[in-house]
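Let's read a protein model together, one feature at a time. Have the sequence and the 3D view open as we go.

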Amino acid sequence: MASSQSSPMVEINGLEFTYPGIDGYPPPGSTPLIQDFSLSLFSGDRCLLVGANGAGKTTILKILGGKHMVEPHMVRVLGRSAFHDTNLTSSGDLCYLGGEWKRDVAFAGFEVSIQMDVSAEKMINGVGGVDPARRAELIKVLDIDLSWRMHNVSDGQRRRVQICMGLLKPYKVLLLDEITVDLDVLARADLLKFLKKNVKKEVLLSSMQPIYLMGLRAGPSHIVYVAHGRLQLSMSMDKLRETSNLSLMNSGVLAGKEINEERKRRKERKAKGLPEFEKQVEGTRVVGDPAKAAVRVMNNGWAAGRLHSTLAGEENFTFSSNRVLRQ
Ligand SMILES: Nc1ncnc2c1ncn2[C@@H]1O[C@H](COP(=O)(O)OP(=O)(O)OP(=O)(O)O)[C@@H](O)[C@H]1O
């Protein structure tokens with residue numbers, strides 16, 4: 001992003017990323033999911049990351065949030081490597097709110113289920129070292145009833161408590177991955193107002209489907225459009241308005257174009273007698289007879305220190321040795 005400030009708060013330099021296989025390495029022959037991606041965000045930027053499903057938005061936000069390892073020079077947050085410098089997140093300077101929050105929330109240092117029989121008050125007040133005025137404002141903005149019991153509220157209400165807890169402490173860089181999808185129109189508008197008011201020197205990077213841009217004219221300062229893991233457009237909203245691309249964005253035409261092209265490609269492949277979907281490179285280096293690949297049976301694709309299995313699908317649930325259903 002263009003800025004008068006000297007050093008960016010978030011810097012992505014030629015980022016390349018492939019999800020690792022079971023052995024922690026990219027599968028041989030795989031094409032990087034994120035390629036040649038560079039972006040700089042400066043103090044005060046409120047940036048919206050848009051793109052079709054599967055474009056790579058969540059992956060980029062997770063990399064910035066330090067959840068996937070990349071080479072330290074590729075991603076710098078506040079001048080530090082998000083993955084290697086864990087103090088960035090533990091200090092609260094870097095805050096990532098994503099889909100995983102649907103089930104658990106980091107609470108007093110533990111991952112606590114957000115669906116257990118506990119009051120919203122206990123959850124929210126359990127976060128220490130918080131400015132009481134900020135806490136009260138967030139409770140008001142998110143319209144939270146402190147007497148809610150977490151096990152019998154709606155998804156949207158549970159989500160509001162999660163968002164509140166995530167925003168209680170001031171951050172310098174805030175990463176939001178589609179956190180507003182469960183919120184009703186009013187709650188979404190109020191939250192965006194709060195974020196806008198509170199992002200002065202901070203940086204906000206939020207992913208969102210282009211359709212939600214319609215109510216957001218005053219919200220973001222910049223737009224970043226991603227397709228197939230590559231940066232397609234990065235522009236200030238003012239510039240976007242000038243070049244009239246905003247109407248394209250608002251109507252979701254850009255993302256729609258990308259989806260239509262993908263459908264066309266699939267149709268052409270089918271017409272040529274090829275499989276409709278391009279062959280995925282298997283996400284593991286364990287080769288040979290699957291029955292002998294004991295490692296896969298034993299750990300279902302979980303690798304040390306990783307929150308998610310890199311293997312998915314019925315086949316792996318059949319192989320499951322402990323029958324725990326994973327997302
Ligand atoms: N843990 C994983 N292991 C392997 N591949 C993955 C993993 N997570 C996502 N992918 C692949 O990476 C691609 C990009 O996914 P990502 O979640 O970043 O997209 P997105 O733009 O956030 O999509 P959406 O709008 O649907 O949330 C997808 O094609 C998906 O198949």
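Q: What pLDDT does the protein chain average?
A: pLDDT is the predictor's confidence in each residue, from 0 to 100. Here the protein chain averages 74, and 68% of the residues score at least 70. The model also scores ipTM 0.96 and pTM 0.73.

Q: Over which residues does pLDDT stay under 50?
A: Where pLDDT is low, the predicted coordinates should not be read in detail. Residues 107-111 stay under 50, and the model gives them six contacts beyond four places in sequence (a contact means C-beta atoms, placed from the backbone, within 7 Å). Over residues 210-217 the pLDDT is also below 50, with 11 contacts beyond near neighbours in sequence.

Q: How many helices and strands does the protein chain have?
A: The protein chain has 11 helices and 11 strands, taken as DSSP runs numbered from the N terminus (helices are H or I, at least four residues; strands are E, at least two).

Q: In what order do the six strands of the open sheet lie?
A: Strands of a sheet pair through backbone hydrogen bonds, either parallel or antiparallel. Two strands count as paired if DSSP finds at least two bridges between them. In this sheet the order is 5-8-9-3-10-11, with mixed pairing. Strand 5 (94-97) and strand 11 stand at the edges with a single partner strand each, so one side of each has no neighbour in the sheet.

Q: Which way does strand 3 run against strand 10?
A: Strand 3 (residues 46-50) runs parallel to strand 10, joined by four bridges, and L49 has V224 as its bridge partner. Strand 10 pairs with strand 11 (residues 230-236) in the antiparallel sense over six bridges. There V224 stands opposite S234, and V226 stands opposite L231. Two residues lie between these strands in their hairpin, where H228 takes a positive phi near 50°.

Q: Why is strand 10 largely enclosed by the rest of the structure?
A: A residue is buried if 20 or more other C-beta atoms lie within 10 Å of its own, exposed if 12 or fewer, and partly exposed in between, with C-beta atoms placed from the backbone. Six of the six residues of strand 10 (residues 222-227) are buried, so the strand is largely enclosed. H222, V224 and V226 point one way, while I223, Y225 and A227 point the other. Across the protein chain, buried residues make up 31% of 327.

Q: Which residues touch the most other members of the largest nonpolar core?
A: A nonpolar core is a set of buried Ala, Val, Leu, Ile, Met, Phe, Trp, Tyr and Cys residues joined through C-beta atoms within 7 Å. Of the 63 residues in the largest one, L64, C164, V173, L175, L205 and V224 touch the most other members. Domain 1 (1-93 + 171-280) and domain 2 (99-169) both contribute residues, so this core lies between them; the bounds come from an automatic or database domain assignment. Beyond neighbours within four places in sequence, C164 is in contact with I124, L138, I139, L142 and I144.

Key. Residues are numbered from 1 along each chain as its sequence is written. This is a predicted model: local features need pLDDT of at least 70, side-chain atom pairs count only at pLDDT 80 or more; totals for chains, interfaces and linings use all residues. Two residues are in contact if their C-beta atoms, placed from the backbone, lie within 7 Å.
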